[in-house]
Amino acid sequence: MNKGQLLYEGKAKRLYQTEQEDVLFVEYKNSATAFNGEKKAEIAGKGILNNRITTVIFEKLKTQGIDSHFVERISENEQLVRKVDIIPIEVVVRNIAAGSLAKRLGFEEGTPLSRTIVEFYYKDDALGDPIINNEHIDILGIATKEEVGILYELGLKVNSVLQPIFEEVGVILVDFKLEFGRDKDGNVLLADEISPDTCRLWDAETKQKLDKDVFRRDLGSLTDVYEIILARLGGK
Ligand code: U5P
């Protein structure tokens with residue numbers, strides 16, 4: 001499959017056309033960004049690690065009946081994906097209070113939530129990705145009621161598959177963000193990536209942060225902790 005025209009460049013990935021209409025080429029970059037792009041760095045090896053970790057996770061989800069846009073990893077930092085139109089909603093699933101939820105609602109970080117919750121954020125850099133509810137989604141006209149139901153259910157389903165996978169290897173799945181797209185027939189498909197860039201992952205024993213908070217909060221080497229996640233998931 002040949003890399004065609006560059007279609008889109010995001011903070012962490014570049015998307016290219018291929019000779020096949022419904023398949024895209026994704027290149028994982030080494031850029032790390034946080035706080036809506038205010039903090040930036042180039043971290044050698046990050047793209048390779050996220051490409052591998054996302055591959056392992058999408059493959060595991062597939063074996064549990066959760067399909068995604070992922071087709072195959074084709075090189076160290078590239079993969080092929082099915083073309084979808086991204087729905088501009090970030091679906092965040094939380095098991096433990098951390099990050100913006102801890103701050104917004106006054107929970108101490110690390111407090112287990114009495115139930116898993118799903119939140120929606122409007123994916124809009126200029127607005128700083130504000131939190132939104134079903135009614136905001138309705139007036140923005142960015143997804144139908146039926147689609148919102150699918151996002152909610154798939155968020156919980158991904159959580160119920162990933163939580164035990166991480167638990168088995170001594171990792172707590174604190175929270176994570178998913179993105180979805182519509183394929184050419186309008187079907188909602190899990191898309192983007194699932195990696196330590198998009199999840200909070202803590203060592204079950206030490207509570208060491210094994211995710212992008214290491215970069216956000218200057219806690220050490222990002223690639224060292226991403227390597228730990230890849231190794232625990234059985235990747236190379
Ligand atoms: N998250 C992203 N991208 C964003 C915002 C949040 O992947 O633009 C992920 C974080 O990595 C975390 C979860 O796992 O969503 C909740 O983030 P926060 O709302 O606590 O910052």
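How many residues surround the ligand, and which are the closest? The shell comprises 16 residues, of which the closest are Arg94, Ser100, Asp175, Arg200 and Arg216, a residue being near a molecule or strand if one of its heavy atoms lies within 4 Å of it. The model is predicted, with local features requiring pLDDT of at least 70 and side-chain atom pairs counted only at pLDDT 80 or more, whereas totals for chains, interfaces and linings use all residues. Residues are numbered from 1 along each chain as its sequence is written, and side-chain values use heavy atoms, with hydrogens and water left out.

View 1. Thr198 contributes through its backbone, where an N or O atom is 3.4 Å from an oxygen atom of the ligand.

**View 2. Composition of the shell around the ligand.** At least two residues of the shell come from each of β9 (89-96), α2 (99-105), β12 (171-182) and β14 (199-203), where helices (H or I, at least four residues) and strands (E, at least two) are DSSP runs numbered from the N terminus. By residue class, the shell divides into eight charged, five nonpolar and three polar residues; Asp, Glu, Lys and Arg count as charged, Ala, Val, Leu, Ile, Met, Phe, Trp, Tyr, Cys and Pro as nonpolar, and the others, Gly among them, as polar.

**View 3. Strand β14 and its pairing with β12.** Five of the five residues of β14 are buried, so this strand is largely enclosed by the rest of the structure; buried means under 20% relative accessible area, exposed over 50%, and partly exposed in between (1.4 Å probe, protein chains only). Cys199, Leu201 and Asp203 point one way from β14, while Arg200 and Trp202 point the other way, and all are buried. Five bridges link β12 and β14 in the antiparallel sense, two strands being paired if DSSP finds at least two bridges between them. Within this pair, Phe176 has Cys199 of β14 as its bridge partner.

**View 4. The open sheet of five strands.** The strands follow the order β1-β2-β3-β7-β6, and their pairing is antiparallel. At the edges stand β1 (6-9) and β6 (70-75), each with a single partner strand, so one side of each is left without a neighbour in the sheet. From one strand to the next the twist averages 25 degrees, where axes are lines fitted to C-alpha atoms, for helices over the stretch in contact, and angles run from 0 to 180 degrees between N-to-C directions. Strands β2 (residues 13-17) and β3 (residues 23-28) run antiparallel and are joined by five bridges, with Val26 in β3 as the bridge partner of Leu15.

**View 5. The hairpin of β4 and β5.** Four bridges pair β4 with strand β5 (residues 39-42) in the antiparallel sense, and Ala32 has Ala41 of β5 as its bridge partner. Four residues lie between the strands of this hairpin, in which Phe35 takes a positive phi near 55 degrees.

**View 6. Loop residues Lys207 and Asp218.** Lys207, in the loop between β14 and α5 (213-216), has a phi near 65 degrees, a positive value in a residue other than glycine, and is partly exposed at a relative accessible area of 45%. Asp218, in the loop between α5 and α6 (222-232), likewise has a positive phi, of about 50 degrees, although it is not a glycine, and counts as exposed at 62% relative accessibility.

How values were computed: A polar contact is a pair of N or O atoms within 3.5 Å; within protein, one must be able to donate a hydrogen and the other to accept it, and residues adjacent in sequence count only if both atoms are side-chain atoms.
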